[in-house]
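The following note is intended for a colleague who is meeting this structure for the first time. Please read the points beside the sequence and the model.

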Amino acid sequence: MTPHLQPYDVTREDEIREPLDFNRRTHLKHVDRTFKAEISSMIRLTEKEKLFHIRIVDPVERERFSFLPGQFVMLEVPGFGEVPISISGSNSQKGFIELCIRETGTVTTMLHRARPGAHVGIRGPFGTYFPMQKMKGHSILLIAGGLGLAPLRSPIIYVTENRSDYDQVHILYGTGDPSQLLFDYQYEQWRRIDGVNLSIIVDKPDSNWKGPVGVVTKLLDNISVPMNDTYAIVCGPPVMFKFVCTMLNRMGMPRDRMFVSLERRMHCGMGKCCRCNVGSTYVCMDGPVFDFWTVMNLKEAI
Amino acid sequence: MLFKTLGKNEFRALVDIILESNEVIGPTQVDTDKDGKPIHKYQPVKTFEELDLKYENTGFSAKTYFLPYKENLSTWRFSEDDWTQEITYHLHPRAIIGLHACDINALLKLDKVMAREFFPSPYYLSRRRNTLIVGIDHEPCEGGFCRSLGTDTVNRGFDLFLTDLGDRYFVAIDSDRGYATLHKVAVRDVTEQDTTEYLEARGKIASGFGPDLEVKQLPNLLDIEFESDVWTKWGAKCLSCGSCSMVCPTCYCYGVSEFASMDFSEGAKVRQLYSCNLVDFAQVAGGHNFRPKRETRLKYRYYHQHRGFVEAYDEPKCVGCGRCGRACLAGISPPDIIGDLLAKEERA
């Protein structure tokens, strides 16, 4: 007998049959399908952090994947869980995606235990990005505190790859003690780039430390750029970017020229699960990158 | 919109026809409360008799048929050192009979989040489009404040909508599927007498509502009163149990967790509805909790209902069904909290 109500099969919709591409946000997609990816390499950065090179297995999907500095992916260990991780690498590089991950919960612990070659899943990219185009022709301050260097590394690489697009470039990085310094093997490389200034400060120096001591705001004392015509990207814990942004503003930088990246719990990345809601805003859709003026207007953001 | 009238016997015949080959869900009495009042629930029925279309309200909304409390998002099959992912969507057409206007308005709000603009959800769409919705008019229910939110009437989001005219129903038709289904039985064209009686019935319903709650200024008021002692007062009562979100027809927030079988042959990615009142809702890796206090979580729920959702979709998320107030173990209800906020403004 023919049923009186005809079944509707969503998988027959034209849009959902197109190749999966999370950049086509308005299209109907298999939104929980994850790209199978291989951990092609793991680089130990500190006791707690490793840099993962993730390569999407399918060459066509790998080629289609594109992101902008500041965006994140949902990284999945099937059977264990899924976590939002900001992309730490270059967006001009097509072969693999770089993710800097701290060992802290169930999923990240599994990832740290994984061996190169293991298959994980990634969905994305999701979220907003740093407006690198808008910053063209201006000086840029790239400021990180602690693990904030992970999301900041992507715009740092972008700026170094497109150095001629920008005026002065200052990278300021502050962390707790020298053992927590991330990407220490790259500092020399960044410093050698013409017109890139890198300053690093630690709060608790060890006996070998020869650099400045204190918190990252101290590094701003030595910076002389036309503040009202400069952009800043500030990544780090809320207390850090609040201090830094307040100080930058006092030095003359408008609040809507400072960009920060917020961290929240996320279970979807697509403006559905609500876990990342701040006031009226989804961090996964309207963020994670916000200008500081917007952040000041969000309730409970910092 | 097209209108027809349908005799009650014909309506019964129509439900029987659908029951022959499809699942039918509707309000059924499942128990009585301590005062002897019937308790209703939307659940699958086998016969027309199980439906009680004169029900006042239900403890739970019908959202579980669109956003199940627990839903498998994908299944993993593990082999040696690899895995495959399987995803399936709901494929069975069914009918929900007897939804009130508030609950259909709730679906329209859920549509905005789950099925429009960004990342439309194939899981939700499959369930929504496979569900024939037959709504029904009813007298204002106790504790409901739907009229304050403009959700006491509805003119889309359903297939058929019934208004009881005694021996027959006045039927609004909002889809081709609804039209085709309706015409499986004998329907009549609307007469002048039908229209007169329909308008009388609507007028009687409209006059039964209590005074309106002023919600228009809430988006602004919630910003201004963010640090208000109203939140301390109600936050101290709140048990952070999350019952309000579970019974809410529009609360859609969820958590995703994954499982692997003991022998690691398979696993699952499961979505489970959550509540912003639960303690770990906004806790991030490393242990920091952005909303550690009960009052901040309670406030957040109201903020989302009447401020955040308005900003995103130009309408409040709340439909005024009153379920959260009835379900609350601590006796917290939206009209009380909103009333306190409004009173504070008036005193000032």
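How many residues of domain 1 of chain A are in contact with domain 2 of chain A? The reply is given in point 2, after a word on conventions.

1. Conventions. This is a predicted model, in which local features need pLDDT of at least 70 and side-chain atom pairs count only at pLDDT 80 or more, while totals for chains, interfaces and linings use all residues. Residues are numbered from 1 along each chain as its sequence is written, and chains are lettered from A and ligands numbered from 1 in the order in which they are written.

2. Domains of chain A. Chain A consists of domain 1 (10–126) and domain 2 (139–297), with bounds that come from an automatic or database domain assignment. Their C-alpha centres are 23 Å apart. In answer to the opening question, 22 residues of domain 1 of chain A are in contact with 20 residues of domain 2 of chain A; two residues are in contact if their C-beta atoms, placed from the backbone, lie within 7 Å. On the domain 1 side, β3 (72–77), β4 (81–86), β5 (97–102) and β6 (119–126) of chain A each supply at least two residues, and β6(A) gives the largest share, three residues. Helices (H or I, at least four residues) and strands (E, at least two) are DSSP runs, numbered from the N terminus. By class, this side of domain 1 of chain A has nine nonpolar, nine polar and four charged residues. Here Ala, Val, Leu, Ile, Met, Phe, Trp, Tyr, Cys and Pro count as nonpolar, Asp, Glu, Lys and Arg as charged, and the others, Gly among them, as polar.

3. Helix α4 of chain A. This helix (residues 149–161) has 13 residues, and its end C-alpha atoms are 17 Å apart, in agreement with the 18 Å that it should span at 1.5 Å a residue. The expected span is 1.5 Å times one less than the number of residues. Eleven of the 13 residues of α4(A) are buried, so the helix is largely enclosed by the rest of the structure. A residue is buried if 20 or more other C-beta atoms lie within 10 Å of its own, exposed if 12 or fewer, and partly exposed in between, with C-beta atoms placed from the backbone. Among the buried residues are A:Leu149, A:Pro151, A:Ile156 and A:Tyr158. Their cover includes β4, β5, β7 (139–145), β8 (169–175), β10 and β11 (258–261) of chain A.

4. A:Leu51 belongs to strand β2 (residues 49–56) of chain A and is partly exposed, because 19 other C-beta atoms lie within 10 Å. Not counting residues up to four places away in sequence, A:Leu51 touches A:Ile43, A:Leu45, A:Ser88, A:Glu98 and A:Cys100. A:Asp221 is placed in the loop between β9 (196–202) and β10 (230–235) of chain A; with 11 C-beta neighbours inside 10 Å, A:Asp221 counts as exposed.

5. Contact between the chains. Chain A contributes 44 residues and chain B contributes 58 residues. The chain A side comprises 16 nonpolar, 16 polar and twelve charged residues.

6. Domains of chain B. The assignment gives domain 1 (2–60 + 90–207) and domain 2 (218–250 + 278–347), and the C-alpha centres of these two domains of chain B lie 29 Å apart. Each of the two supplies 16 residues to their contact. The domain 1 side of chain B divides into seven nonpolar, six polar and three charged residues.

7. Strands of chain B. An open sheet of eight strands has the order β3-β2-β6-β7-β8-β9-β1-β10 (chain B), with mixed pairing; two strands pair if DSSP finds at least two bridges between them. β3 (38–45) and β10 (188–189) of chain B stand at the edges with a single partner strand each, so one side of each has no neighbour in the sheet. Strand β1 (residues 2–7) and strand β9 (residues 168–173) of chain B run antiparallel and are joined by six bridges, with B:Leu6 opposite B:Tyr169 in β9(B). Strand β4 (residues 70–79) and strand β5 (residues 82–86) of chain B also pair in the antiparallel sense, over five bridges, and a hairpin of two residues joins β4(B) to β5(B).

8. Helix α9 of chain B. The 20 residues of this helix (294–313) reach 27 Å from first C-alpha to last, close to the expected 28 Å. α9(B) bends by about 50° at B:His304, the bend being the angle between axes fitted to the seven residues ending there and the seven starting there. Of its 20 residues, 14 are buried. Just after α9(B), B:Asp314 has a positive phi of about 60°.
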